[in-house]
Amino acid sequence: MMNRGLSFRQKNIIFIGFMGVGKTSVGKLVAEKLYRGFIDVDQEIEKEFEMSVPEIFKEHGEKVFRDKEKQLTIDYCNQRLKVISVGGGAFKQKEIRDICLSSSIVFFLDMSWESWKERINILIDNRPILQGLSQNEMKDLFYERQGMYNLHHSRYNTDQQSVEEVADYIIESLKLAWQLHEPDWD
Ligand code: S3P
């Protein structure tokens with residue numbers, strides 16, 4: 001694996017978590033504040049297919065989407081000094097979990113079900129996985145997914161937090177970890 005041997009400070013930072021918790025907004029801001037390049041894997045998939053995610057699901061099916069998600073995530077994980085947001089279902093695939101956790105620093109952006117359910121109306125049109133599900137089925141999926149998100153290096157609960165507050169917290173915790181693991185760099 002190509003990223004073995006990278007210093008802690010050179011590693012990518014990856015955001016995981018359920019649909020619509022703010023991975024893209026937080027990732028973009030963290031990248032900006034750290035002067036790093038930002039990659040949103042869903043947006044890269046959309047560019048490759050020249051279609052939106054719901055269109056890809058409709059035209060090609062979920063498997064084609066997941067295969068492209070795996071291929072691109074592996075490619076991006078082999079870069080360095082990037083901030084990467086992956087889709088909420090990416091960690092369903094073992095190869096994605098393994099490469100993210102071994103090559104990069106993985107932050108789980110967590111949110112309570114109570115806060116998340118307030119967002120359903122603004123999310124549903126662009127999230128094919130949610131379409132046709134009752135609120136109870138969405139709740140089951142939400143809790144079912146928590147197990148895979150528990151594979152991370154750091155977790156942050158975003159309830160009642162602005163994007164700016166979450167990004168600042170993450171940067172502070174990274175600085176502490178960098179200082180702790182690689183004090184000689186300062
Ligand atoms: C998905 C989450 C979406 C997107 C696709 C599938 C999922 O990304 O990858 O609709 O299975 O949870 P966001 O988490 O950015 O919404």
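1. Val53 is buried, with a relative accessible area of 10%. Here buried means under 20% relative accessible area, with a 1.4 Å probe and protein chains only. Please keep in mind that this is a predicted model: local features need pLDDT of at least 70, side-chain atom pairs count only at pLDDT 80 or more, and totals for chains, interfaces and linings use all residues. Residues are numbered from 1 along each chain as its sequence is written, and side-chain values use heavy atoms, leaving out hydrogens and water.

2. Val53 belongs to helix α3, residues 53-60; a helix is a DSSP run of H or I with at least four residues, numbered from the N terminus.

3. Leaving aside residues up to four places away in sequence, Val53 touches Asp42, Glu46, Phe65 and Pro128, where contact means heavy atoms within 4.5 Å. Pro128 is 75 residues from Val53 in sequence, yet their C-alpha atoms are 7.8 Å apart in space.

4. Turning to the ligand, 14 residues surround it, and the closest are Lys23, Arg66, Gly88, Arg127 and Arg145. A residue counts here if one of its heavy atoms lies within 4 Å of the molecule.

Conventions. Helices (H or I, at least four residues) and strands (E, at least two) are DSSP runs, numbered from the N terminus. Buried means under 20% relative accessible area, exposed over 50%, partly exposed in between (1.4 Å probe, protein chains only).
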